[in-house]
Amino acid sequence: MIRDITIGQYYPAASKVHVLDPRVKIICTFLYLFSLFTFQNLMGYALAALFLAACVRLAKVPFRYIVRGLKPILVLLMITALFNLFLTPGGEILFTFWRLKVTDQGLRTAVYMTVRLIFLIMGASLMTLTTTPNALTDGLEKMLSPLNHIKVPVHEISMIMSIALRFIPILLEETDKIMKAQTARGADLESGNIIQKAKAMVPILVPLFVSAFRRANDLAMAMEARCYRGGEGRTKMKPLIYGRKDYIAYLVTVAYTAIAFWAGRYLPFHIWIF
C-alpha cells in the first residue's frame with residue numbers, strides 16, 4: 001500500500017509531456033482540475049476522460065502505474081460515494097435501505113463526486129510523474145515572481161514545496177523499511193480491530209518521525225554549509241523559456257477547457273444524464 005502512492009514521485013521517460021515547460025504543466029493541470037468542477041452531465045466527464053487518456057499516452061507513463069495511485073484513497077472514495085448516495089436531499093426515491101433513502105439525485109451526485117475525485121488524483125499524479133521537483137520549483141517561482149514586488153518570499157515558498165515533494169518518496173521508502181523491520185521482529189500490523197491496528201502503528205510512527213526530523217536537520221545543515229541565503233540575486237542554470245511545443249500545449253488545453261465547459265453545462269441535460 002505504501003508503494004502505491006504516486007503523487008510526488010517522478011517517472012523518467014522520453015515523452016512530449018516530460019519536455020514541456022513546468023509552467024505549462026502546472027497551469028494546464030489547474031485548468032483541467034477546474035474543468036472537473038463545472039460539469040453537470042456525463043458528456044463533460046467523458047471529454048475529461050478522453051483528454052486525460054490522451055495525456056497519459058503522450059506522457060508514456062504506464063496507465064496501471066497511475067491507477068495504482070488510487071488504491072490508498074479507496075476508503076475515501078467509498079465514504080464520499082456513500083455519504084452522497086444516502087444524504088443528498090431531493091429527487092425521486094429509487095429504493096429505501098433501513099431508514100436511509102436513495103434518490104436519483106443522490107445516485108447522480110455520488111457517481112459524479114467519485115469520478116471527479118478519481119480524475120483529480122490521476123491528473124495531479126500525472127503532473128508530478130512527468131516533472132522533477134527542481135523543475136516544479138523553478139516553474140512556481142517563475143509564475144509567482146510578480147509577487148516579489150510586494151515583498152512575498154516567492155523563492156522560499158517554492159523551495160518549501162519542492163522539499164515537501166522530494167520528501168514524499170523518501171518517507172514512503174523509510175516507512176516501508178520500518179514496517180518490514182517490525183514485521184520481522186514479530187509485530188502484527190494486519191489483524192485486529194481499528195483500535196488494535198492504531199496501537200500497532202505506534203512502533204512505526206515514532207521511528208518515522210525521528211527519521212524525518214533527522215533528515216530535515218541534515219538538509220538544513222547542508223544548505224547552511226553551502227551558504228544558502230534565499231532567492232535574492234540567484235541565477236538559474238537552466239532558464240525557463242517558452243517554445244513552440246509549449247504554446248501548442250496551452251492552445252490544446254484551453255480549447256479542451258472551453259469545449260468541455262460548454263458540453264458539460266449547456267448540452268441537453270436529459271440526453272446525457274441517466
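This is a predicted model: local features need pLDDT of at least 70, side-chain atom pairs count only at pLDDT 80 or more; totals for chains, interfaces and linings use all residues.
Q: How many salt bridges does a search of the whole structure find?
A: The search finds four. One of them joins Lys177 to Glu173, with the closest N and O atoms 3.7 Å apart.

Q: Why are Lys177 and Glu173 separated by about one helical turn?
A: An α-helix has 3.6 residues a turn, so residues three or four places apart point the same way. Lys177 and Glu173 are four residues apart in helix α7, and therefore about one turn separates them. Glu173 is partly exposed, at 42% relative accessible area.

Q: Where do Asp176 and Lys180 lie?
A: Both lie in helix α7, again four residues apart, about one turn of the helix.

Q: Which parts of the chain does the pair of Arg215 and Glu174 link?
A: The salt bridge between Arg215 and Glu174 has its closest N and O atoms 3.2 Å apart. This pair links distant parts of the chain, since Arg215 is in helix α9 (residues 202-225) and Glu174 in helix α7, 41 residues apart. Arg215 is partly exposed, with a relative accessible area of 33%, whereas Glu174 counts as buried at 15%.

Q: How many bridges join β1 to strand β2?
A: In a regular strand the side chains alternate between the two faces of the sheet. Here four bridges join β1 to β2 (residues 100-103), and the two strands run antiparallel. Thr96 has Lys101 in β2 as its bridge partner. The hairpin has two residues between the strands, and Trp98 takes a positive phi near 60 degrees.

Q: Which residues form a nonpolar patch on the surface?
A: The patch consists of Leu94, Phe95, Phe97, Trp98, Leu107 and Val111, with about 640 Å² of accessible area together. Two elements, β1 (93-97) and α5 (104-129), each give two or more residues to it. The largest share, three residues, comes from β1. Phe97 has its place in strand β1 and is exposed, with a relative accessible area of 52%.

Q: What do the buried residues of α6 pack against?
A: Helix α6 spans residues 133-143, and its buried residues are Pro133, Leu136, Thr137, Gly139, Leu140 and Glu141. They pack against α1 (22-36) and α7 (154-184).

Note on methods. Residues are numbered from 1 along each chain as its sequence is written. Side-chain values use heavy atoms; hydrogens and water are left out. Buried means under 20% relative accessible area, exposed over 50%, partly exposed in between (1.4 Å probe, protein chains only). Contact means heavy atoms within 4.5 Å. Patches are made of residues with over 30% relative accessible area and no salt bridge: like charges are joined within 9 Å, nonpolar side chains (Val, Leu, Ile, Met, Phe, Trp, Tyr) within 5 Å. Accessible areas come from the Shrake-Rupley method with a 1.4 Å probe; for residues, only the protein chains shown count as cover. A salt bridge is a side-chain nitrogen of Lys or Arg within 4 Å of a carboxyl oxygen of Asp or Glu. Two strands pair if DSSP finds at least two bridges between them.
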